[in-house]
Amino acid sequence: MNTIEYKIHVDKIYEKIESARKLFDAQHIVRIVAVSKYVGCKQVESLYNIGQRTFGESRVQELAQKSQTLQKLPLEWHFIGNLQSNKINALIDLKPYLMHSLSSLELALAIDKRLRVKNQTLNALLQINSADESSKSGVELDRAYDIYQQISSQCENIKLKGVMSIGAHTDDKLLIRKSFESTRAVFDSLDGATICSMGMSSDYELAIECGSNMIRLGSAIFPAN
Ligand SMILES: *Cc1c(COP(=O)(O)O)cnc(C)c1O
């Protein structure tokens, strides 16, 4: 795609977001994290050139490579993947703008310990396994509120900003909707939470209708040429 074709492609996504967000609330604002894990730096730059500034990666090594290669560009990098404990230091050193995938109290305590040593803070979202799927990371829906409070009080250097969830892995729209609505309900119960990260390429419109204010788009926003 040339620049004009790419702009048209992305504009279609913006239009869908615009329709969906109005169904939730006239004042609702949605941010897009462009997930670049399937593409290279060239494609990140193409999207940057038509206005995108926020990008996400699910592996620490990829995040390191892309953010270093593109360090001259004013980009905001998010980490969205499962974090193995032997990668904690590496992630902290990259100073990501936001970690979406804080998936347990144990992980939070381990990260907080390293943050204290380095005298750094990290913005993070608590990942909720809202459809209770064994294939997914994250805290149980019923325990999310309590664990959020525990992390807030025990992990001084982690700055919790809200919640993240991956929609139920099914074709049943009602079940997907339920997973988003229950995540949004937890978000609404949290004092001071500002980010509700839900929705990927296949389900972002539904997620926004249910109150997502941050979507993570990979394949939809990076078309296979
Ligand atoms: C890969 C990934 C995405 C983007 O996936 P698409 O379906 O390509 O939009 C979003 N969130 C997480 C956590 C991911 O791992």
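F222 is buried, at 7% relative accessible area (buried is under 20%, exposed over 50% and partly exposed in between, using a 1.4 Å probe and protein chains only). This is a predicted model, so local features need pLDDT of at least 70 and side-chain atom pairs count only at pLDDT 80 or more, while totals for chains, interfaces and linings use all residues. Residues are numbered from 1 along each chain as its sequence is written, and side-chain values use heavy atoms, with hydrogens and water left out.

**Aromatic rings**
- Searching the whole structure turns up two aromatic pairs; rings of Phe, Tyr and Trp (its six-membered ring) pair if their centres lie within 6.5 Å, with planes under 30 degrees apart called stacked, over 60 edge-to-face and the rest tilted.
- F55 and W77 make a tilted pair, 5.8 Å centre to centre with 40° between the planes.
- That pair links distant parts of the chain, with F55 in strand 2 and W77 in strand 3, 22 residues apart; helices (H or I, at least four residues) and strands (E, at least two) are DSSP runs numbered from the N terminus.
- Both partners are buried: F55 has a relative accessible area of 0%, and W77 has 9%.
- F55 also pairs with F222, and this pair is tilted because the centres are 6.5 Å apart and the planes sit at 35°.
- F55 is in strand 2 and F222 in the segment after strand 9 (214-217), so this pair ties together parts 167 residues apart in sequence.
- Put together, F55, W77 and F222 form one aromatic cluster.

**Helix 3**
- Helix 3 (residues 60-69) has V60, L63, A64, K66 and S67 as its buried residues.
- Their cover includes helix 2 (41-49), strand 2 (54-57), strand 3 (76-79) and helix 4 (88-94).

**S130 in its loop**
- S130 sits in the loop between strand 5 (122-129) and strand 6 (139-140), and S130 is buried at 11% relative accessible area.
- Leaving out residues up to four places away in sequence, S130 touches L141, S165, I166, S179, S182 and T183 (contact means heavy atoms within 4.5 Å).
- The side chains of S130 and T183 are joined by a polar contact of 3.5 Å.
- A polar contact is a pair of N or O atoms within 3.5 Å; within protein, one must be able to donate a hydrogen and the other to accept it, and residues adjacent in sequence count only if both atoms are side-chain atoms.

**Cysteines**
- The disulfide count is zero, where a disulfide is a pair of cysteine sulfur atoms within 2.5 Å.
- C196 has its closest cysteine sulfur in C210, 9.4 Å away, so that is too far for a bond.
- C196 is buried at 0% relative accessibility, and C155 is buried at 1%.
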